[in-house]
Amino acid sequence: MSRLRANIKVNGIVQGVGFRPFIHKQIKDMSLTGWIRNTSEGAEIEIEGEEETLDRFAAELWTKKPFLALIETVNVEKSTELKGYVDFRIVGSKAAASRNTLISPDVGICEDCLREMRDPKNRRYRYPFINCTNCGPRFTIIKDVPYDRAYTTMAGFKMCPDCYGEYTFIENRRYHAEPTCCPVCGPRLIYMDPDGNELPGDAIKNAAADIKAHRIVAVKGLGGIHLACLFDDEETPARLRRRKQRDEKPFAIMCRDAETAARYCEISEDEKRVLESYRRPITLLRKKIRGSLRQISENDYVGVMLPYTPVHYLLMDEGLDALIMTSANLSDLPIIYRNEEALSELRGIADAFLLNDRDIHTRCDDSLLYVVDGLEYPLRRSRGYVPFPLTMKGADGMILACGAEQKASFSVSKGSYVFQSQHIGDLKNIETFDNYEKQIAHFERMFSIEPKALVCDLHPDYMSTGYAEERAASEGLPLIRVQHHWAHMASCMADNGLEGDCIGVVWDGTGYGTDGTVWGGEFLTGGYSGFERRGSLAPIRLPGGDRAVTEIWRAAASMLLDAGMDPEPFFGRERTQLVRKVLASGLNSPVCSSMGRLFDAASALAGVREEASYEGQGAVLLETAAAGGVTDAYPYDISGGEIRRFEYGRMLEAMVSDLRAGAGKDAVCAKFMNTMVDMAVKMCELIREDTGLSRVVLSGGSFQNIYMLTRLQPLLREKGFEVFRHSRVSANDEGVSFGQLAIAAKGKSPLQGF
Ligand code: ZN
Ligand code: ZN
Ligand code: FE
């Protein structure tokens with residue numbers, strides 16, 4: 001048997017996931033000698049030993065690894081020149097010019113740490129910042145790479161001898177855990193009154209007592225600050241809404257455990273698995289009793305998450321079972337994440353502040369998803385997921401895709417890795433836009449990406465478009481403009497790893513069309529290299545433009561008039577006359593083919609809702625109002641021509657006569673959505689006849705509607721279609737940047753297209 005030296009370069013998610021200590025232990029067990037270090041490309045291991053043992057070690061790297069690690073490549077170089085290592089060591093990080101390191105998302109507290117935290121004999125008993133190699137803050141505290149304590153917001157906390165001993169002792173589960181700390185050396189909780197005076201006593205006990213007394217307490221978490229309070233009465237949530245100026249948007253809740261959540265909601269095995277995963281997303285669960293918990297959510301679902309920081313568990317351990325846990329931000333501004341900011345911005349909102357002296361470097365909202373047919377269906381991909389890369393096969397180069405506007409995200413790529421940003425928010429707010437620019441710079445630095453091309457939406461007024469234009473001009477980079485719904489379609493294709501051409505059913509609120517009108521109820525065909533618009537909704541005029549987005553009865557009145565019916569019985573004389581006048585003037589009445597607006601109109605007509613206080617409220621409440629078990633649909637027409645059109649005239653007539661005959665809105669809403677589903681199937685069949693395509697992708701914000709999503713998929717499959725929906729990125733505008741990137745990275749001649 002010959003002794004050899006092997007140099008092994010491991011690429012993938014190997015930093016900040018306990019990889020080095022894990023490998024150290026493996027190597028010790030195998031009696032090899034040498035060293036391991038983090039590099040900017042991942043990790044480098046150099047070992048000496050019997051060839052057979054070296055080979056076995058290299059082969060096992062793929063399977064024997066810490067649970068967070070994701071091994072992408074293993075490169076082994078063997079040599080006969082021995083260096084004579086006598087032991088195995090973890091050596092200092094090597095900072096190199098090119099970085100290809102991945103960064104772990106934040107990880108919810110693990111079972112081992114939880115046990116120690118609850119053990120009175122442990123030196124970290126009730127310590128609110130306990131963490132280890134397998135859990136704790138990551139993305140939100142990292143300022144730069146490589147992932148070393150010195151480059152995190154823990155840099156200022158010097159490890160005490162005990163912690164340092166654990167950190168350097170191979171058998172310890174905190175071996176090389178960068179944020180490790182204890183009551184002696186680590187951060188501490190601070191409980192403050194609204195004037196910023198620290199309150200005496202046990203911070204956790206005091207905060208829990210205040211919450212039990214129905215006060216509202218700001219609680220600093222991993223990626224930002226939450227507002228916590230009880231919801232066992234009507235008054236407390238109502239007070240929170242008043243103070244937060246959040247009239248009707250649902251609040252998320254945090255439950256002690258899945259069993260507690262099951263008191264309020266239905267939970268499947270799959271939902272339980274996702275809830276309890278280390279990512280700890282807010283999972284939308286169906287209420288056990290329809291119409292219950294109206295103080296937190298006006299629809300059929302409640303967003304539930306389980307505790308994920310030690311502080312959350314310590315609070316729950318004081319006898320709290322379920323709390324409202326909502327992001328601390330003002331209306332649509334970004335989540336508040338700094339102590340000073342919390343004290344100034346939340347004045348008059350929070351009654352007390354449970355803060356700490358560990359800074360959050362990067363704000364990151366809670367993730368939000370449904371679990372559909374056992375798979376995740378993201379609405380917001382953020383904490384716990386970001387900045388894990390999404391892989392995109394066949395992609396190459398470095399590209400920055402700037403995304404859309406309202407649910408903004410961006411994506412940067414390096415080879416086949418796509419790093420999609422966390423939830424950023426609505427770029428129309430200057431604070432949000434500032435954060436958008438800052439995060440782009442942070443991502444480019446962390447992943448060492450210098451974009452060679454930029455991608456943006458076709459919409460000339462999006463802030464993201466402006467950003468892309470300016471940057472392309474100043475850096476002399478090519479700028480690719482991608483039509484909004486094409487990006488949605490490509491996003492769903494790339495989410496599913498599809499190549500070639502597909503049919504895209506893309507339904508959403510608004511997106512700028514290639515003809516300059518607003519689109520949003522689209523049937524496209526194509527792939528990453530180009531698309532054709534095959535079908536759409538018949539144009540709807542929106543009297544008053546943007547006002548029709550909040551005063552959703554306007555769309556209904558306009559459509560009724562268009563179909564030759566009188567809106568007056570529904571919306572009164574005054575409003576009818578107003579709409580007639582605006583439409584007759586031809587001023588400020590843009591034309592759109594938006595599914596979002598069609599839902600608004602149906603919602604207003606059915607008497608569900610005439611005005612919306614947040615985007616998409618009409619559609620959400622229509623879905624909520626719908627009865628189960630209704631299978632029939634309304635009649636409608638599809639007109640021919642180059643672009644097939646869904647003509648809604650006969651549907652409106654039938655809806656009106658249903659309502660006149662005293663039909664309940666539950667039946668009307670269900671029949672309306674059944675009509676949309678039926679129409680989608682018909683359209684896809686017609687397009688298949690024209691093109692021979694039989695793969696269908698479903699994307700766009702309207703597919704946040706679970707009623708439609710779960711009915712359309714099986715019906716299309718029954719007709720012989722292969723159907724794909726999102727599971728890694730969001731169907732809504734947050735997913736647009738991913739689709740833009742796919743088109744730029746994988747399209748054949750993107751620069752000649754839009
Ligand atoms: Zn842990
Ligand atoms: Zn310590
Ligand atoms: Fe969209």
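**Before selecting anything**

Residues are numbered from 1 along each chain as its sequence is written, and chains are lettered from A and ligands numbered from 1 in the order in which they are written. Because the model is predicted, local features need pLDDT of at least 70 and side-chain atom pairs count only at pLDDT 80 or more, while totals for chains, interfaces and linings use all residues; side-chain values use heavy atoms, with hydrogens and water left out.

Colour the chain by pLDDT, the predictor's confidence in each residue, from 0 to 100. The chain average is 94, and 98% of the residues score at least 70.

**Stop 1: the zinc ion (ligand 1)**

Select the zinc ion (ligand 1) together with Cys110, Cys113, Cys132 and Cys135, whose SG atoms are its protein donors at 2.3 Å. Donors are N, O and S atoms within 2.8 Å of the metal (3.2 Å for Na, K and Ca); water is not among the atoms, so sites may look incomplete. Along the chain these donors follow the spacing C-x2-C-x18-C-x2-C.

The arrangement is tetrahedral because the four donor atoms subtend angles of 105 to 118°. Four donors count as tetrahedral if all angles lie between 85 and 135 degrees; four count as square planar and six as octahedral if opposite donors are over 155 degrees apart and all others between 65 and 115; anything else is irregular.

Cys132 is buried, with 0% relative accessibility, and Cys135 is buried with a relative accessible area of 0%. Buried means under 20% relative accessible area, exposed over 50%, and partly exposed in between (1.4 Å probe, protein chains only).

**Stop 2: the iron ion (ligand 3)**

Next, select the iron ion (ligand 3) with His484 (NE2), His488 (NE2), Asp508 (OD) and Asp733 (OD), its protein donors, at 1.9 to 2.2 Å. The donor residues are spaced H-x3-H-x19-D-x224-D in sequence. Angles among the four donor atoms run from 87 to 159°, and the site is irregular.

His484 and His488 lie four residues apart in helix H13 (residues 484-495), about one turn of the helix. Helices (H or I, at least four residues) and strands (E, at least two) are DSSP runs, numbered from the N terminus. Both His484 and His488 are buried.

Ala490 is also in helix H13, and Ala490 counts as buried at 1% relative accessibility. Leaving aside neighbours within four places in sequence, Ala490 is in contact (heavy atoms within 4.5 Å) with Tyr528, Gly739, Ala742 and Ile743.

**Stop 3: strand E20**

Select strand E20 (residues 453-457), where five of five residues are buried. Two strands pair if DSSP finds at least two bridges between them. E20 pairs in the parallel sense with strand E17 (residues 398-401) over three bridges, and four bridges join E20 to strand E21 (residues 479-482), also parallel. Leu454 in E20 is the bridge partner of Leu400 and stands opposite Leu479 in E21.

**Stop 4: helix H18**

Move to helix H18 (residues 617-625), whose buried residues are Gln617, Gly618, Leu621, Leu622, Glu623 and Thr624. Among the elements that cover them are helix H17 (595-605), helix H20 (665-691) and helix H21 (706-718).

**Last stop: residues 750-754**

Finally, select residues 750-754, where pLDDT stays under 50 and the model has 12 contacts beyond four places in sequence. Where pLDDT is low, the predicted coordinates should not be read in detail.
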